[in-house]
Amino acid sequence: MSRVKEAALIMIGLIVLGIFIESGLESFSDKDRKVTVKGLSEREVDADKVTWPIMTKELGDDLPSLYTRINATTAKVTDFLKKNGVKDSEISVNAPVVVDLNAERYGVQRHDYRYNITSTVTVTSRNVKLVRSIIARQGELLKQGVAVVDGGYGNGVVYEYVSFQQMKPKMMQEAIRNAEQTARQFAENSDSKIDKILNAGQGQFSIENRDGNTPYIKKLRVVTTVTYSLKD
């Protein structure tokens, strides 16, 4: 009888051990069940800050007369801006830049003039619509004998959206909601349900021009990565 009891006890122990092992494996499996998804939020907004450098040049051989001419030109530009609604605080005038072409070390080409003097008046404003309307009418300066020159790469009109920090929380919430919708769809397709958030990234934020023709319209984009645990 003792052997029968021993055998019964061993059998019961094996059954209990099997139950614990099975339970442990299921628990381990549940811990590994997760899904990682991305959530996106996008906006198109108007730029709320503009920086417009206005460059003019004068060429000649006599520096004093060149300074007189460039100062007169700068005065015409600033007067034009103020008459069209730009505030004094939005206008800055840089010191003229003089290039002595005869002093160029590697210059071999002869010039009809010695000095090239450049003046830059910069408008920095939050009134983007007003400045854009003035940019469209800058040809009116030609009637006053003022030719605005192309500043080249790095000196063009720059549009920005500086209120982006205020948009971040709302866009992040939207991105997370979109991520949750994707996770729920995945869970539904796999006969599961989403449980807790295991990990969530802070999100990648970007601001770009909508296209090359409308730099004053910005595309805001937030992408966040969220990992959810799954359950039956």
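Reader: Which residue's side chain does the side chain of Ser-125 make a polar contact with?
Author: A heads-up first: this is a predicted model, in which local features need pLDDT of at least 70, side-chain atom pairs count only at pLDDT 80 or more, and totals for chains, interfaces and linings use all residues. Residues are numbered from 1 along each chain as its sequence is written, and side-chain values use heavy atoms, with hydrogens and water left out. A polar contact is a pair of N or O atoms within 3.5 Å; within protein, one must be able to donate a hydrogen and the other to accept it, and residues adjacent in sequence count only if both atoms are side-chain atoms. At 3.0 Å, the side-chain partner of Ser-125 is Glu-90.

Reader: Is Ser-125 buried or exposed?
Author: Ser-125 lies in strand β5, residues 115–125; strands (E, at least two residues) and helices (H or I, at least four) are DSSP runs, numbered from the N terminus. Buried means under 20% relative accessible area, exposed over 50%, and partly exposed in between, with a 1.4 Å probe and protein chains only. Leaving out residues up to four places away in sequence, Ser-125 touches Asp-48, Lys-49, Val-50, Glu-90 and Val-131, where a contact means heavy atoms within 4.5 Å. With a relative accessibility of 3%, Ser-125 is buried.

Reader: How many residues apart are Glu-174 and Arg-43?
Author: Their side chains meet in a salt bridge, 3.0 Å from N to O; the rule is a side-chain nitrogen of Lys or Arg within 4 Å of a carboxyl oxygen of Asp or Glu. Glu-174 sits in helix α4 (residues 164–189) and Arg-43 in strand β1 (residues 34–46), so the pair links distant parts of the chain, and the separation in residues is 131.

Reader: Where do Lys-83 and Asp-79 both lie?
Author: These two also form a salt bridge, with the closest N and O atoms 3.3 Å apart. Lys-83 counts as exposed at 67% relative accessibility, while Asp-79 is partly exposed at 35%. They are four residues apart, about one turn of the helix, and that helix is α2 (residues 63–83).

Reader: Which residue forms a salt bridge with Asp-88?
Author: Asp-88 is exposed at 53% relative accessibility. The closest N and O atoms are 3.2 Å apart, and the partner is Lys-82.

Reader: How many salt bridges does the count come to?
Author: Side chains of opposite charge can pair when their charged atoms come close. Beyond the pairs above, Glu-44, Arg-210 and Asp-211 are linked in a network. The total number of salt bridges is 12.

Reader: What share of the protein's residues counts as buried?
Author: The protein has four helices and nine strands. Contacts between residues 24 or more positions apart make up 80% of those with a separation of 6 or more. Of the 232 residues, the buried share is 30%.
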